[in-house]
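Welcome! Here is a short tour for anyone meeting this structure for the first time. Take a look at the sequence and the model, then read on.

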Amino acid sequence: MLSRSLSLGLLAFSLMSACNFHKDKTSEDTTGTTPTAEQINFAEVQAKVLGPYCQNCHSQGAGNLGGINLEGYAQVKSLIAIIERVTLVEKSMPRGSPLKGYPAELLTQWIAKGAPETSTP
Ligand code: HEC
């Protein structure tokens with residue numbers, strides 16, 4: 001009985017450590033890390049910017065707020081000038097909490113390189 005609760009305790013502890021480790025890595029991602037050349041591509045922008053910060057409003061499932069859908073490369077590319085304006089110049093999107101850290105840096109560099117679909121190291 002004692003050893004059973006001890007091992008449950010150990011299990012809980014290691015799960016908590018795993019979560020903390022994951023949390024550290026995630027927060028590291030959003031504070032000041034500079035994207036590498038291999039990260040300047042649409043998949044990375046989708047994973048680190050559009051997915052977490054835009055598609056909760058600008059997706060089919062969310063009703064394409066403002067008539068804007070940001071779920072595919074072609075749509076995003078066709079709206080790139082206006083996306084740059086609202087996210088990086090006026091900072092009105094995402095609403096109420098402008099991009100900063102890695103997502104802002106990634107989007108800036110991706111747009112500066114002409115918003116390529118794949119990396120060109
Ligand atoms: C909480 C919901 C929400 C989030 C998150 C959000 N938007 Fe929007 N967005 C809106 C709404 C609503 C509109 C239309 C009304 C307006 O312009 O404020 C809009 C409008 C826009 C427009 C059109 C602006 C114009 O002047 O015509 C663009 C482009 C846009 N969003 C891009 C983005 C991008 C890129 C992100 C992520 C970085 C983002 N939005 C995040 C709700 C959101």
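Helices here are DSSP runs of H or I with at least four residues, numbered from the N terminus. With that in hand, the protein chain reads α-α-α-α-α along the sequence; it has five helices and zero strands.

Please keep in mind that this is a predicted model. The average pLDDT of the protein chain is 83, and 73% of the residues score at least 70. Residues 13–30 have a pLDDT below 50, and beyond near neighbours in sequence this stretch has five contacts in the model.

How is the chain packed? Of its 121 residues, 18% are buried. Among contacts between residues at least 6 apart in sequence, 62% join residues at least 24 apart.

Now to the ligand. Around it are 19 residues, of which C54, C57, G66, M93 and P94 come nearest. By class, this shell has 14 nonpolar, four polar and one charged residues. Which helix gives the most to the shell? That is α4, with four residues. Helices α2 (42–53) and α4 (80–89) each supply at least two residues.

P94 sits in the loop between α4 and α5 (101–112).

Helix α4 also holds I80. Not counting residues up to four places away in sequence, I80 touches I111 and A115. The C-alpha atoms of I80 and A115 are separated by 7.8 Å, although the two residues are 35 apart along the chain.

A115 itself is found in the segment after α5. Its phi is positive, about 50°, although A115 is not a glycine. N64, in the loop between α2 and α3 (73–78), is also not a glycine and has a positive phi of about 45°.

| Residue | C-beta neighbours within 10 Å | State |
|---|---|---|
| I80 | 13 | partly exposed |
| A115 | 19 | partly exposed |

Why does A115 count as partly exposed? A residue is buried if 20 or more other C-beta atoms lie within 10 Å of its own, and exposed if 12 or fewer do. A115 has 19 such neighbours, so it falls in between.

Notes
Residues numbered from 1 in each chain as written. Predicted model: local features only at pLDDT ≥ 70, side-chain atom pairs only at ≥ 80, totals over all residues. Near = placed C-beta within 6 Å. Nonpolar A, V, L, I, M, F, W, Y, C, P; charged D, E, K, R; others polar. Contact = placed C-beta atoms within 7 Å. pLDDT = per-residue confidence, 0-100.
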